[in-house]
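Keep the sequence and the 3D view open while reading.

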Amino acid sequence: MIKQYIAMAAIAIIMVLAIVISLDLLPSSTIPLDSVEVTEYQGQELSSVNDFRENSIKGPQKVDISSYHLEVTGQVTNPQNYTYDQVKNFQNYQKVVKLDCVEGWSVNILWQGVLVKDILNEVKPLPTANTVIFYAVDGYSTSFPLEYIQNNQILMAYKMNNATLPPERGFPFQLVAESKWGYKWIKWINKIELSDNPNYQGYWESRGYSLSGNLNESFFK
Ligand SMILES: Nc1nc2c(c(=O)[nH]1)N[C@H]1C(S)=C(S)[C@@H](COP(=O)(O)O)O[C@H]1N2
Ligand SMILES: [Mo]
């Protein structure tokens, strides 16, 4: 009799343990570290973080993440000032996208981050907003039609090839402006502004590069 009880109790304990483990209910003391760069994804060869040519207007920027904020402002109902972790907490996505610089080089990278349109859903652009302007800590800026952000899956990446963006690649965030020339892929983003000015000219746009920056068109105005 006692043996039967012990056996039943043991089975019950094992079942509870199985549920706890399978549902991942135990607090974990394991801190995930960034893995090294992946070199291949779903059969596609990837470029490396080191294959970029560094030619930023003021060189690599060092961003102190403890004081960093992403300000989302302008023509919105609900302006926000996000910390790094708050931005990363939006649903994460990953995708391989090629960056093409006007200088003639390109890199094929697995980008991981959040969708800009998920952030916009939270701040709620006003009906007058038709343009999204991104600003960076080095004074760089660039802009897009609001529809481009809303009708595509445009990522703000915090990782590339499974590793956190290094400072020279735009830490904490680089825009993955797919189907646009590299100068639209703004790094070190710290502000997003919703505007009603579709003619806003960013850094390279005000120096002769096209506003749309479409890859299938010349980048000269
Ligand atoms: N903030 C900022 N973002 C930037 C730039 C810059 O100078 N400052 N350069 C752009 C250009 S011209 C390209 S091609 C891509 C990639 O440049 P990289 O190889 O220097 O990273 O970043 C873009 N984003
Ligand atoms: Mo570029």
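Trp188 sits in the loop that links strands S11 and S12. In this predicted model, its phi is near 50°, a positive value in a residue that is not glycine. Most residues other than glycine have a negative phi, and most peptide bonds are trans. Trp188 counts as buried because it has 25 C-beta neighbours inside 10 Å, and the threshold for buried is 20 or more.

**Other backbone features in loops**

- Asn162 lies in the loop between S9 and S10.
- The phi of Asn162 is near 75°, again a positive value in a residue other than glycine.
- Is Asn162 buried, exposed or partly exposed? Asn162 is partly exposed, because 15 other C-beta atoms lie within 10 Å, and a residue needs 20 or more to be buried and 12 or fewer to be exposed.
- Asn161 also takes a positive phi, near 50°, in the hairpin of S9 and S10.
- That hairpin has two residues between its strands.
- Pro172 belongs to the loop between S10 and S11.
- The peptide bond that leads from Phe171 to Pro172 is cis, and its omega is near 10°.

**Strand S9 and its partners**

- Strand S9 covers residues 155-160, and six of its six residues are buried.
- Which strand is joined to S9 by five bridges? The partner is strand S6, residues 106-115, and the two strands run antiparallel.
- Within this pairing, Leu115 has Leu155 of S9 as its bridge partner.
- S9 also pairs with strand S11, residues 174-176, in the antiparallel sense over three bridges.
- Here Met156 stands opposite Leu175 of S11.
- S9 pairs with strand S10, residues 163-164, over two bridges, and this pairing is antiparallel too.
- Lys159 stands opposite Thr164 in S10.
- In a regular strand, side chains alternate between the two faces of the sheet.

**The five-stranded sheet**

- Five strands form an open sheet in the order S4-S3-S12-S7-S8, and their pairing is mixed.
- Which strands are at the edges? They are strand S4 (80-82) and strand S8 (141-145), each of which pairs on one side only.
- On average, neighbouring strands of this sheet are turned by 15° against each other, with direction ignored.
- Inside the sheet order, S3 stands between S4 and S12.
- Strand S3 (residues 70-74) pairs with strand S12 (residues 189-195) in the parallel sense, over four bridges.
- Glu71 stands opposite Lys191 of S12.

**Glu54**

- Glu54 is located in the loop between strand S2 (44-45) and S3.
- Glu54 counts as exposed because it has 9 C-beta neighbours inside 10 Å, and a residue is exposed at 12 or fewer.
- Glu54 and Glu193 are 139 residues apart along the chain, and their C-alpha atoms are separated by 26 Å.

**The chain as a whole**

- The chain has four helices and twelve strands.
- Of its 221 residues, 29% count as buried.
- The C-alpha atoms fill a box of roughly 90 × 40 × 30 Å along the principal axes.
- The chain has a radius of gyration of 22 Å, whereas a compact globule of 221 residues would have one near 17 Å.

**The annotated domain**

- An unreviewed UniProt entry carries the annotation "domain: Oxidoreductase molybdopterin-binding" for residues 62-204.
- Over residues 62-204, the chain is 13% helix and 39% strand.
- The end C-alpha atoms of this stretch are 22 Å apart.

How values were computed:
Residues are numbered from 1 along each chain as its sequence is written. Chains are lettered from A and ligands numbered from 1 in the order in which they are written. This is a predicted model: local features need pLDDT of at least 70, side-chain atom pairs count only at pLDDT 80 or more; totals for chains, interfaces and linings use all residues. Two strands pair if DSSP finds at least two bridges between them. Axes are lines fitted to C-alpha atoms, for helices over the stretch in contact, and angles run from 0 to 180 degrees between N-to-C directions. UniProt positions are given in the numbering used here, feature names are shortened, and annotations may be inferred rather than shown by experiment. The radius of gyration is taken over C-alpha atoms; the globule rule is 2.2 Å times the number of residues to the power 0.38.
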